[in-house]
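Dear colleague,

Please find the structure we discussed below.

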2 protein chains.
Amino acid sequence: MELHLHQTHHTIGDFAKIVDYLQDQCCTPLPGLHLLPELFLTGYPLQDLCLQKPFIKNYQETLANINQWSVDYFRGENIAFLMGGLKYTFDPSGLPRAIENVIYLLQPGLELQAIYSKRLLPNYDIFDEEKYFSPGHASRCFTFQGKNIGLLICEDMWTSSFHQHDPVKEFARDIVKTKKSIDLVINLSASPYYLDKQKNRIARGMEISHLLKAPFAYVNRVGGEDEILFDGASFIVQGEEILVQGQSFRAEIISTTVPIKKPSEQALLGNHHEDLTQDPANTWEGLFSPNFSYAHQLPTLPDLTDEKCASLIQALGFGMQEYATKTGFNKFLIALSGGIDSALVVALVKLSLRPGQSLECLYMPSKFSAQISHDLSAEMCQKIQVPLKVFPIKFLHSTVNIAFQEAFGEQMHGLTDENIQSRLRGALLYGRSNQTGRMVFNTSNKSELAVGYSTQYGDSVGALSVLGDLYKTEVISLCRYINKYHENIIPQLIIDRPPSAELREQQEDAQSLPPYARLDAILEGILSYRLTLQEIVAMGFESTEVEKIYGLYQKSEYKRTQFCPILKVKTKSFGFGYRVPIAKKLT
Amino acid sequence: MELHLHQTHHTIGDFAKIVDYLQDQCCTPLPGLHLLPELFLTGYPLQDLCLQKPFIKNYQETLANINQWSVDYFRGENIAFLMGGLKYTFDPSGLPRAIENVIYLLQPGLELQAIYSKRLLPNYDIFDEEKYFSPGHASRCFTFQGKNIGLLICEDMWTSSFHQHDPVKEFARDIVKTKKSIDLVINLSASPYYLDKQKNRIARGMEISHLLKAPFAYVNRVGGEDEILFDGASFIVQGEEILVQGQSFRAEIISTTVPIKKPSEQALLGNHHEDLTQDPANTWEGLFSPNFSYAHQLPTLPDLTDEKCASLIQALGFGMQEYATKTGFNKFLIALSGGIDSALVVALVKLSLRPGQSLECLYMPSKFSAQISHDLSAEMCQKIQVPLKVFPIKFLHSTVNIAFQEAFGEQMHGLTDENIQSRLRGALLYGRSNQTGRMVFNTSNKSELAVGYSTQYGDSVGALSVLGDLYKTEVISLCRYINKYHENIIPQLIIDRPPSAELREQQEDAQSLPPYARLDAILEGILSYRLTLQEIVAMGFESTEVEKIYGLYQKSEYKRTQFCPILKVKTKSFGFGYRVPIAKKLT
C-alpha cells in the first residue's frame, strides 16, 4: 500500500494555510493513503481557544469550505486522506456541549467524515485534554483498498496503569475474537519533543507491530507552540524494522510503499493469547522512569552525549525560531554578561539564525564587573560576528544610590543594592528592545530557577527562556559540545571561570550554593522524581544541604509564577505542566 | 439532630495545626454530627503538591497520628466527625497510583475510615481535579443516630449537561426504589468565592432539600490560596427556609439542632416521579449565565450594588491578607500615582490592615507628572494616615536618556521613553521593597490587563494583583462606595479626573482606548461569553472598535503570562483558570 506521512507545520488557527495545504495536496493527489497529524485542521494545543466562539466560527467555516471544495473539485481514485480535527456538538445556545478529538476521512468528491474519536485523553503535566475534550468509547478500523486499518490518535498507542482502556490490547483481543487480521495500524499524533523520546516511540511502535502483526505508521506534527515543541520524526515500523523515518523539526512528506502481508490464521492466533497476558515492555510509565547515573560515588545527572547535545541544539534553535516568527520578530537581543549561560544562549541563537534575521548583544557593566567579563563578551561577539553594544550602568547605579539616600534618608542595604543593578539592567535591556524592535531571550538556567537564584524583573526578564529546562551542568556540557563541533565559538575561559552574578565584590555562586554537580543531582531528585528529603539523603547527600536546597526551592515559587515560557526539552519541566501553589506551609 | 459545621481555616499542608484543631475538637466533643470541609486534612487546591513525596509522607504520617490518637484518647458517645481528605493507593514503587478525594469518618476510639469518594471532579476553569484524582463510582449514605445521611462532596451537588452522573438525582431514584427516606443531606465543600455565588449555592441547596425532602447542610472552607478565595458561608436549609448561615471569610463553628422529620411514605413518593422528570432550576450552567445589562442603549456591565461592593471589599481584603500572611509579610508597599486604581488598592489595603501591620505609599513623579497628582496622593495619605514617600525619577530619567544616547548614538523613541519611566519605577519600587521587607501589591485593573495597556516589568510588577479581576468601571463604582461608607477617604478628584498614565505630555487613556463603559462591555462579551465579533457588533457596537479591542486583547497574551496572581472574584478571570496560547494566528 502507498503511504504518505504528512509531517505538517502550521500555526495554531491559521485556517487559510491549512486549507491551502490540503487543497494543494488534493489537486494532483498521489494515490494511496495520506496520513496527517492529530488536530491538523486546528493546530495543537489550543487550550481555551477551542472554547472561544471567534475561533469556533472560523473553524466551522473552514470545515464547510473543505466540504464544498471536495464535492466540487476533489477528484481521484484509490485515494484517502486521514487527518486530525475537532468535532463539535453544540447546545441550542450555540455554545459547545462536547468537543471530540477525531480522525476525519476525506475522499474525492465527498465531505469530511469523522470516523474515530480519540479514546485516551492525556491529562497530566502539560496536557489538559480532559478539560476540553470528550473521549471516544470504541476502537475502530477503517477499510481502504480492501485492507483493515486500525486507527489510533497519539495517546491511544500507550498503555498505563492509570488509563482506563488499552486500545492496542483491544485490537489484539478483537483479532482473536473475530479471527480477522488488522493489516496496518496508524497513529496520528501531536506528540511533544523531549530528550530521548523518539527511542520510546519507536520501541513502542515495534511492540505494537509485533503484537498486532502489522506495520505501524506514526505521523507527528512539527511546530513550536510557546514552550511545547513538536518534532515530527514520523516513522513506519514493521516488527523490529524501521521502514522509514522523517526528519526532526522539519515539515516533509514521507512517501513509501508498505508491503502488507496477511498473516496466516495460525500465525494470527498462535501467539496472541500469550502476548495478551504479557505486560508490554514500553509503558507510559517507562517514558518517565528515573535516570540517575551512579558512575561516581554520589548520583549525578547522566552525561549529555554528543547525540543528545545535537538534539537539544536543534530543538532549542527550532523553539526560539518558532516563538519569534509566530509573534512577528526577526531581530533578537541578548544581555551578555561574560558568564556561561548568556554565552550559550547567544551561541544557540547564532546557530539558528536565518537569512534576514539579526542578533545584537548588550553588555551592561557595573562597578563590580570584571574587565575580563567585557573582554570575553567582546571576544565571543567578534568571533561570531554579532554586534556587541556596551551600556555601562556604573553612573546610573550611583545616581540611584544617591537618589535613594535623598528620598529615604538611608543607604541601600546589600541585597537592595544587588537587586537594583539587576533591575536597572532589565529596564535598559527592554529600553533597547523597545527602541530596536528586538525580542529579548532570557538566559536563566533550570538550577537557578529551581532555587530562585535570580532577581525578579532583573535577570529574569525575557520573552522566552531558552535554557530554563537545562541544569547548569548541562549548560556546561552543551557549551563544550558547541566548541567541539562549532569552531570554539565560546571562549574557553567563559566555560572555565567560576560562575558569578557580579553584583558585589568578589561574589561567586559557590558562596550561596553547593557545587552545581551536587545541586543539580539533588534538584533532579526533588523535581523529576519528587523524592522525599530522606530518600535523597540516603543517596549520600548531606541532610543540611538537601534541606537548604529544598527550602530555597519551596520559597521561590513566586518567582517562577511570573517567569516567561520555557522551551520544554525534558519530561518534567517548570512552566505550564508544573503547578504548585505559592502560599503553603513549607516542609 | 445536633449538627456542627466547622468552617475551618488552615494553610495548605499545615498538618500540625490541622491535627491540633481536630484534637481540640475531639477532646471535649460536643455530641452530634461534626462536619468539616472537603480536603480539611490537606487543604485545597494542592495541584502538584499532592504528587510530591515530601508532602505525601507528611500527610500519611498525619493520618497515622490521628488514628493512633483516636484509638488511645478519643472518647465519647453519639459523636461522629465527617471530614474531607485524600485517600492514596500506592504502586509497589511507592508512587501514587490513585488518589481519591474522600469523606473520612472519625468516631471515638476508632481509626479514620474513608466512607465516600467524590464522584464529580470539577475540571474546568481553575479546577484540574481529573488531573490528580480518581472519581468515586457510587453514591453513599451513612447511618448516624438511626438517621440516613446522604453524602456529597462539593461538585457532587451540581447537575450539568456535561457531568456524566447526577448524584442528587440518584439519591432521589434510590428513595423511590427502596422506599427508604434520606433524612439529611450533607455536602463538604471547598468552594471558591465569586460575586453572587452564595445565592446560587443556597438556591441549589433548597432545590435539593425540596427534591430529597430532607435538610441540606453545606460546610465550606475558609482561606485564600494564591488567587482563589474560599469564603466559608456554610449553611443549612430545609425546603425554602435557611436554618443557619455562617459568616463569609471567617472561621467559625456553627452549631444547631436540626429537626429531622421522617416524611410519610405517601409524601416520600408522591412527588418524586414528577420531580425527577423536571429539569432543576439551578444548574451548573446557571452559575455562568450571561449578565449584561441593557438599561441603556448599549449593553453595559451591571451596576455594582452596595451589597456587591461590600462583598468585594471583604473578599479582596481577605485575599490580600491571606497571601501576605501565608508568605510571611506584614508590611506593604504600593506605588501611588494620583490615579484611581492605585488609590483604590491603597484604600482596600488600609481597610483590611490588622494590628502590627503597616502600609507605605511611594509616589515617583517624572517630568510628565502633574502637580495635582502629587497633591491628591498626599491628601489621600494624610487622610488615612499612611506615610507617603516621594522618589522623583526626573533626574534619573534624564540620566538614562543621556546614557542611552551615549551608548547607542540615538535618542530614545517615544514608546521607549514612556516604557523606561514605568520600568525605572518598577525597579525603584522593588528597591524600596527590598530595603524595607514590604510586599508590593500590583494596581492594574482587568480592562488594562485585557488590552495590554501596561508596561511589562513596569507598572505590571507586584506580588499580587488586587484589582486584576475588576474592570475600570467597577473600580470607579468601588471607589464611590468606599467614599460613601468610609469617610470619603479617596479624594473626589482622583475619581473624577480623566485617567492618564502620565508618561508623555497631555497623555490620557482616552487617546488610546474607547471610553471605559464601552470598552468594559465589549471585553465582557469577549472574555466571559466568548462571543464572536459579529455577535458583539450586533449588540450595537462599532465593528472597527470591536476589532481593535479584540486585536489588542489577542496581542497582549504575553504580558498576562508573566503577570502576578490575580485575586479571583468573578466566574471568568485571568489567571490560573485562563489558558490561551501566546503564539497563534490572530483572528
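**The axis and the contact between the chains**

Among the residues of chain A, A:Gln562 comes closest to the rotation axis, with its C-alpha at 2.2 Å. Please note that this is a predicted model. Chain A is superposed on chain B by a rotation of 180° with 0.0 Å of shift along the axis, at an RMSD of 0.0 Å. The two copies are thus related as by a two-fold rotation axis.

The contact takes 73 residues from chain A and 73 residues from chain B. On the side of chain A that touches chain B, the elements giving two or more residues include helix H2 (53-73), helix H9 (306-326), helix H12 (394-408) and strand E17 (388-390) of chain A. H13(A) provides the largest share of that side, 12 residues. By class, the side of chain A that touches chain B has 36 nonpolar, 20 polar and 17 charged residues. Of the interface residues of chain A, 100% are also interface residues in chain B, so the copies meet through the same surface.

**Chain A as a whole**

Chain A contains 20 helices and 19 strands. Its C-alpha atoms fill a box of roughly 85 × 55 × 50 Å along the principal axes. Of the 587 residues of chain A, 52% count as buried. Among contacts in chain A with a separation of 6 or more, 74% are between residues 24 or more positions apart.

Yours sincerely

Technical notes. Residues numbered from 1 in each chain as written. Chains lettered and ligands numbered in written order. Predicted model: local features only at pLDDT ≥ 70, side-chain atom pairs only at ≥ 80, totals over all residues. Contact = placed C-beta atoms within 7 Å. Helix = DSSP H or I, 4+ residues; strand = E, 2+ residues; numbered from the N terminus. Nonpolar A, V, L, I, M, F, W, Y, C, P; charged D, E, K, R; others polar. Least-squares fit on C-alpha atoms with pLDDT ≥ 70 in both. Buried ≥ 20, exposed ≤ 12 C-beta atoms within 10 Å, placed from the backbone.
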